[in-house]
Structure formats: structure tokens, C-alpha cells
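Hello,

Here is the structure you will be taking over. My notes on what I found in it follow below.

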Amino acid sequence: MSPIAPPTDRRTLLRAGTGAALTAALATACTSRPASAPPLTRTDGTGTTTPTHPAAPSGPDGMTGTGGPTGTGSTAGTGSTAGTGSTAGPGAPGGRTRPRAAPAPRRFPGHPAQIDHGPRDRPAVALTFHGQGDPAIARTLLTQAERAGAHVTVLAVGSWLDEHPEMARRILDGGHDLGNHTQRHLTITDMSEAEALREITDCARRLRRLTGSIGTWFRPSRTQYATPRIQRLAARAGYPHVLSYDVDSLDFTSPGATAVTRKVAGEIRNGSVVSLHFGYADTVAALPALLDDLHRRGLRAVTTTELLTP
């Protein structure tokens, strides 16, 4: 797999001539939700869903922690509520309430430590996004998914959460999975054991401070598959499974929206886990057509937790 290039900011995208695609995609995201789309739901990590609506992003909470290894982290966030990142709520003093803790990692019996796809006998797929890049593009992608009744999985980079802490709650309030994609998005397989563990646990700490949980999933940075050592370190940090994928969109190479859609549509099938990225105009422009293709084929776009829940 080609190394993942850093996400491109809006100014660079406009200079590269992709501003038109991004503008068109932003306009698409603001159109009315199709009447045929299923109602949006919130998932609590156990497969149970309740109706919800996308919430406006909450303001930054000022989290600036530096942190080091946290130990096992296996119980982080369970049954507790994060002290930061609160969202607006009707009826509360000042119109604000404390959010419930986000879902924590869980073990899926019958699945390997490293998961690259779900059951092949159910018409569902997981669209997973590497969480990094311009937050405006990220919000547009989330809105596109929500308007189509789709849920996704976001593997967030810790340094990105440091810069945009409000995105953690925005992702969860949309009914999506939120996970860990290391603190600095460096080549984790080239690191010493101590450094690799710190990359995992530093990001886990950010997630826990913002949401009350270390995140539902861990994905290693700059590699499709985790080595046995990285799998062991992830388990030590509290993640029973490492999340890989079986369909690579190659959107980070900026091949054009049509190429992204064609690549995914040509390979996706029941149970597929697809790798996509925040931060790229091609992804924004491709997602509506990709979601339409899934709908025509009877494939539901769900969170990874939903994909693996019987």
C-alpha cells in the first residue's frame, strides 16, 4: 500500500484546481435529505439504535493535554461521563447538558484480533475515515453520510483532536463510531516498542478526555495491517481488536472523484470495510455517488460496531 500523504488544506486544494469539486460537494451536502432515506439513528455500541438528528458542532473545550502511556486503558470511559465537550441540551440551566460517555472498545467473539471485514452473509458495509485534515471538509462528509441515512467510523489522529477537539463530539452526535489512529500519524511499524505504545496511549488519552472513552477501535498509522507486536501493544492499551480494511479507496492519491467511486464500487461487497480519508476534495465529491451506488445495490453503510454486531 502506498504511504498515506498528509491531508491537503483548503488553500492548497483551491490552488490545485479542486475548489470547484469541493464547492459542488459542499452544495450537495446542503441539499434536502432524500425522502427515501431511512431515519437517522444513534448507536450505543451494543447494536441498539434510537432516533437522533445530527447536532451542530460544540465549541472547543480547551483540552491541551500532553500525556504519556496510560497503562492498560481497558476500562477507560466505561460508565463515566467526560468532563469536557458538553453539548447543548433543552431544559438544562443555560441550555447545556453533560454528554453521556462514549462507547468503549469491546471484544467480538469469533473475530480475529485484526479485523479487515465483517460477515459476508449480510448486506452491510463499513465506511471508515482516517480523521485528519480540514474540519470543514470533515463536517461536509459527515453531513453527506447523515443525509443519506449512513453511519461511518472515524479513526481520529490525536494531534488533529488537539487542534479541533469539537470534532470528537460532532462525530459521536452524528451516530458514528469514533476510534484511535495514533497521536501523530507516523509510521508506527518503524518505532520502538515504547514509542509505538506511547503513540497509541497518547491518542487514547485525548479521546478519553473529550468523550469519556478511549474510542471504539484502533487502527495503526501508515500501514494497512498491524504486525503482531502492534496488535499486542493495542491490546495492552485496551483495544481487543485492530481495525484494518479490505477495500482501499486510494482517495489520498487525489485521483479524481470518478476514480475513487469506481475503485470502491468495483471491490466492495457484503461485509467490506472501506478505507477513506478526511481532508481530500475528491472524497467529498465522490461520497454522494458512492452512497447512491450502495443504495442501488441494497448495501447499508453502518458503523464498524454495527457491522460486527450479530
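Trp217 counts as buried, because its relative accessibility is 2% and the cut-off for buried is under 20%. This is a predicted model.

The structure holds four aromatic pairs. In one of them, Trp217 is stacked with Phe108, with 5.6 Å centre to centre and 10° between the planes. The pair links distant parts of the chain, 109 residues apart: Phe108 is in the loop between strand 4 and strand 5, and Trp217 in the loop between helix 6 and helix 7. Phe108 is buried too, with a relative accessible area of 3%.

Phe218 and Tyr239 form a tilted pair, because their planes are at 40°; the ring centres are 5.9 Å apart. Phe218 lies in the loop between helix 6 and helix 7 and Tyr239 in the loop between helix 7 and strand 9, so this pair ties together parts 21 residues apart in sequence. Both Phe218 and Tyr239 are buried. Phe129, Trp160 and Phe278 form one aromatic cluster.

Next, Thr128. This residue is found in strand 6 and is buried, at a relative accessible area of 0%. Its side chain reaches the backbone oxygen of Val274 at 2.6 Å. Beyond its neighbours within four places in sequence, Thr128 is in contact with residues including Thr153, Arg219, Leu243 and Thr304. The C-alpha atoms of Thr128 and Thr303 are separated by 8.1 Å, although the two are 175 residues apart along the chain.

For the protein as a whole, there are ten helices and twelve strands. Buried residues make up 54% of the 310 residues.

Regards

Technical notes:
Residues are numbered from 1 along each chain as its sequence is written. This is a predicted model: local features need pLDDT of at least 70, side-chain atom pairs count only at pLDDT 80 or more; totals for chains, interfaces and linings use all residues. Side-chain values use heavy atoms; hydrogens and water are left out. Helices (H or I, at least four residues) and strands (E, at least two) are DSSP runs, numbered from the N terminus. Buried means under 20% relative accessible area, exposed over 50%, partly exposed in between (1.4 Å probe, protein chains only). Contact means heavy atoms within 4.5 Å. A polar contact is a pair of N or O atoms within 3.5 Å; within protein, one must be able to donate a hydrogen and the other to accept it, and residues adjacent in sequence count only if both atoms are side-chain atoms. Rings of Phe, Tyr and Trp (its six-membered ring) pair if their centres lie within 6.5 Å; planes under 30 degrees apart count as stacked, over 60 as edge-to-face and the rest as tilted.
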